[in-house]
Amino acid sequence: MKRAVSIVGILVVIGLLAFPKVKDYLRASETASANAQASQAILQVDVFVVKPDVIEDKIFTTGTLTSNEEVELATESSGLIQSISLREGQDVKKGELLVKINDSELKAQLKRADFRLNLAEDREKRQKQLLEKGGISQEEYDATLNEVNVLRAEVSLINAQIEKTEIRAPFTGKLGLKYVSDGSYITPSSRIASLQDIDPIKIDFSIPERYAAQIEVGNKVTFTVQGIDDTLQAEVYAKEPRIDSDTRTLQVRARSSNPDGKLLPGAFADLVLTLQTIENAMMVPTISLVPELQGQKVFLLKNGVIEPRSVKTGLRNEAKVQIIEGIEVGDTVLTTGLLQVRPEMKVTVNSIDGE
């Protein structure tokens with residue numbers, strides 16, 4: 001009986017000593033089984049189907065609105081203002097009389113010159129008849145004819161001086177604020193008013209010199225200004241023929257219609273200049289690109305199997321990049337699982353974008 005108890009005790013001690021090793025063995029077996037099941041699970045990925053798209057090469061910059069035409073009204077002669085026809089903030093037509101300076105003295109001189117010219121012309125006619133009959137010499141007639149011509153020139157000079165007493169609109173536009181009144185004495189340095197043509201309105205801006213060769217007349221521009229919610233359209237119509245050596249930029253000018261006069265010269269504008277529009281571009285999500293030693297690559301899904309493909313990229317936008325070489329329209333590009341996949345690995349598609 002004692003021997004049997006001893007044997008049982010020995011077996012219990014052996015069992016207690018062996019239990020941890022048995023436990024570790026069972027745990028290792030379970031881990032190996034789980035790993036085997038995991039290795040047999042197929043990776044699920046998201047993909048993007050390549051299709052033709054439109055991409056624009058754009059430059060973001062700022063600019064300033066300027067008038068189509070602008071001038072500070074001024075006079076060529078000095079004198080008292082006789083009448084003012086300009087109306088602040090109003091539209092005027094080209095050639096419209098705006099300010100008239102007193103010209104009474106010039107008109108008196110013109111009247112006297114006209115009388116003298118009439119007398120001289122009558123004398124020239126009589127002497128011409130006498131010359132034909134031999135009554136006077138050619139020299140006497142030439143002196144009278146010369147006097148007539150001098151008086152005609154004097155009349156023309158006085159008329160030109162009278163014209164300088166009239167300030168007319170040099171072009172159709174909108175008047176600014178006036179700074180003179182009836183009876184004011186003005187000189188060529190006096191400030192009178194401004195005249196601006198703001199339809200169309202111009203936009204001056206600059207671009208970095210690396211884009212100078214790409215800018216062309218006709219390039220489209222979209223812009224916004226403070227106080228106006230709409231995005232407005234403009235078109236490049238001129239550029240400087242040289243690069244600014246101080247700023248290393250090219251000065252460019254665009255033009256936009258402004259029929260209602262909402263756009264005012266001097267306003268600040270945020271611009272987007274479209275240099276190039278590419279039709280049928282192959283675009284893929286930027287996240288699908290994988291850097292490699294000699295460039296970049298993407299992973300394609302071909303018949304459920306992964307195939308790496310080196311690519312050459314082009315233009316970019318906020319979310320996508322253009323692929324110039326390496327893929328074709330209709331290819332399926334991976335956008336997830338890029339770190340887990342390997343060449344010829346089988347995967348299943350979780351979601352498809354781009355269809």
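Colleague: Where does Gly 89 lie?

Modeller: Gly 89 is in the loop between strand E4 (79-84) and strand E5 (91-92). Helices (H or I, at least four residues) and strands (E, at least two) are DSSP runs, numbered from the N terminus. Bear in mind that this is a predicted model: local features need pLDDT of at least 70, side-chain atom pairs count only at pLDDT 80 or more, and totals for chains, interfaces and linings use all residues. Residues are numbered from 1 along each chain as its sequence is written, and side-chain values use heavy atoms, with hydrogens and water left out.

Colleague: Why is Gly 89 called partly exposed?

Modeller: Buried means under 20% relative accessible area, exposed means over 50%, and partly exposed is in between (1.4 Å probe, protein chains only). Gly 89 has 36%, so it is partly exposed.

Colleague: What is Gly 89 in contact with, leaving aside its neighbours within four places in sequence?

Modeller: Lys 174, Leu 175 and Gly 176, where contact means heavy atoms within 4.5 Å. Gly 89 and Gly 176 are 87 residues apart in sequence, but their C-alpha atoms are 5.2 Å apart in space.

Colleague: How is E5 joined to strand E8 (residues 173-175)?

Modeller: Two bridges join them, and they run antiparallel. Two strands pair if DSSP finds at least two bridges between them, so E5 and E8 count as a pair. Asp 91 has Lys 174 in E8 as its bridge partner.

Colleague: And what makes E5 an edge strand?

Modeller: First, the sheet: four strands form an open sheet in the order E3-E10-E8-E5, with antiparallel pairing. Strand E3 (69-72) and E5 are the edge strands, as each pairs on one side only.

Colleague: How do you know that the span of helix H2 (residues 104-133) agrees with what it should be?

Modeller: The expected span of a helix is 1.5 Å times one less than its number of residues. For the 30 residues of H2 that gives 44 Å, and the end C-alpha atoms are 44 Å apart, so the two agree.

Colleague: Which residues of H2 are buried?

Modeller: Leu 106, Leu 110, Ala 113, Leu 117, Ala 120, Glu 124 and Gln 127. Helix H3 (138-163) is included in what covers them. As a rule, an α-helix has 3.6 residues a turn, so residues three or four places apart point the same way. Just after H2, Gly 134 takes a positive phi of about 85°.

Colleague: Why is Ser 256 called buried?

Modeller: Its relative accessible area is 4%, which is under the 20% limit, so Ser 256 is buried. Ser 256 lies in strand E14 (residues 249-256). Not counting residues up to four places away in sequence, Ser 256 touches several residues, including Pro 200, Phe 223 and Leu 263.

Colleague: What does the side chain of Ser 256 reach?

Modeller: The backbone oxygen of Gln 233, at 2.8 Å.

Colleague: Back to Pro 200: what kind of peptide bond joins Asp 199 and Pro 200?

Modeller: A cis one, with omega about 5°. Pro 200 is placed in the loop between strand E10 (194-197) and strand E11 (201-208).

Colleague: Last one: is Asn 303 buried or exposed?

Modeller: Asn 303 has 83% relative accessible area, over the 50% limit, so it is exposed. Asn 303 sits in the loop between strand E17 (295-302) and strand E18 (305-316), and its phi is near 55°, a positive value in a residue other than glycine.

Methods
Polar contact = N/O pair within 3.5 Å; in protein donor to acceptor, adjacent residues only side chain to side chain.
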